[in-house]
Amino acid sequence: MMRRREVLLLAGGAMAMARPLRAQQKAMPMIGFLSAGSPGPLVAAFHRGLSETGWVEGKNVAVEYRWAEGHYDRLPALAADLVSRNVEVIVATGGNVSALAAKSVTSTIPIVFSTGDPVERGLVASLARPGGNLTGASIMLTELMPKRLELISELVSLARVIALLVNPKNPSTESMIRDVQEAARAKGVQLQILNAGNESEIDDAFATLVQLHVDALLVGTDSFFYNRREQLVTLAARHAVPAIYDFREFAESGGLISYGTSLIGIYRQIGIYVGQILKGAKPADLPVQQPTIFELVVNLKTAKALGLTITPSILARVDEIIE
């Protein structure tokens, strides 16, 4: 017959063996993915970056997605919800609005963003030394707008009136307008500002554009516009308005011309940084990545439909021609 002392010793040994087993079964880390936009193919690029650092969703890491779908006022509540779920790191994509919303709800959980100028927006102390709980990649959102005005002016050489389409709900809109107004004055063209914060307002903006006899359109950088690119490209074609956009996905959808950074490259870099943070890296020690590649894409089919000839100087700089 086994004595009580021996039973206790055996039970204690079993518990000691169970403790490390439970430690091995610790719940997989969770990433909070906060976006100003809607679900789309760019998430695959984020997962590619994650996998390069050894993390695979569903295998050794979980991801909670929150999409504002262009309703920027929802972002603070969505960010707070992710914090309440004890995520290890927050990904904030879709521009400054997402990063600012995430920053407003936590000063401790690491945040990896894709934004315009993060120093100007007060997200980091400097690009080389972010210094806090935020880092990520700068997309150069508004900084490239004057260059786009220059390109569309060159492509539509007789353009005297150019419209700038902006989303008034975006905190970057004011600085974007200032930069483009300055560039328009230097070019000697008249600039008309059109506002659109929802789908019907985009339709209204194009109706106004026709009334103003606009010669060309510059579409402002905005997550909402990116998600509505099919609508924008279709309306530009219907009204025969030459338009320039920020990302290649617009030209691939039938837009005339685009000039900007590679979003696929940006999202991959975000995935890499998130993977490194999950392995112990500190955001303060990870410098904000700046784009090194700027893609100029021209849709030749759309140019022909508009009766436009691509100038030799633009052709010499084009990265891709879609025929």
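Start by selecting Ala27, in the loop between α1 (4–24) and β1. Is Ala27 buried or exposed? Ala27 is exposed, with a relative accessible area of 65%. Here, buried means under 20% relative accessible area, exposed means over 50%, and partly exposed is anything in between (1.4 Å probe, protein chains only). Helices (H or I, at least four residues) and strands (E, at least two) are DSSP runs, numbered from the N terminus.

A word on what's on your screen: this is a predicted model, where local features need pLDDT of at least 70, side-chain atom pairs count only at pLDDT 80 or more, and totals for chains, interfaces and linings use all residues. Residues are numbered from 1 along each chain as its sequence is written, and side-chain values use heavy atoms, with hydrogens and water left out.

**Zoom out**

Of its 323 residues, 50% count as buried.

Now select β1 (30–35). This strand is mostly covered, with five of its six residues buried. β1 belongs to an open sheet of five strands, ordered β2-β1-β3-β4-β5, with parallel pairing. Two strands count as paired if DSSP finds at least two bridges between them. At the edges, look for β2 (62–67) and β5 (134–138), each pairing on one side only.

How many bridges link β1 and β2? Six, in the parallel sense. Pick Leu34 and you'll see it stands opposite Arg66 in β2. Move over to β3 (residues 89–93), which three bridges join to β4 (residues 111–115). There, Ala92 stands opposite Phe113 in β4.

Touching means contact, that is, heavy atoms within 4.5 Å.

Then try helix α4 (residues 96–105), whose buried residues include Asn96, Val97 and Ser98. What covers the buried residues of α4? Among the covering elements are β1, α3, β3, β4 and β5.

**The seven-stranded sheet**

Select the other open sheet, with seven strands in the order β7-β6-β8-β9-β10-β11-β12 and mixed pairing. β7 (190–195) and β12 (320–322) each have a single partner strand, so one side of each is left without a neighbour in the sheet. The twist averages 20° from one strand to the next.

Go to β6 and β8 (residues 216–219), which pair in the parallel sense over four bridges. Leu165 has Val219 in β8 as its bridge partner. Helix α6 packs on this sheet, touching β6, β7 and β8, and its direction makes about 170° with that of β6. Helix α7 (residues 199–211) also lies across β6, β7 and β8, running at about 155° to β7.

**Last stop**

Select Asn167, in the loop between β6 (161–166) and α6 (173–187). Asn167 is buried, with a relative accessible area of 1%. Leaving aside neighbours within four places in sequence, its contacts include Tyr72, Asp222 and Phe224. Finally, draw a line from Tyr72 back to Ala27: the two are 45 residues apart in sequence and 32 Å apart in space, C-alpha to C-alpha.

Notes
Axes fitted to C-alpha atoms, helices over the stretch in contact; angles between N-to-C directions.
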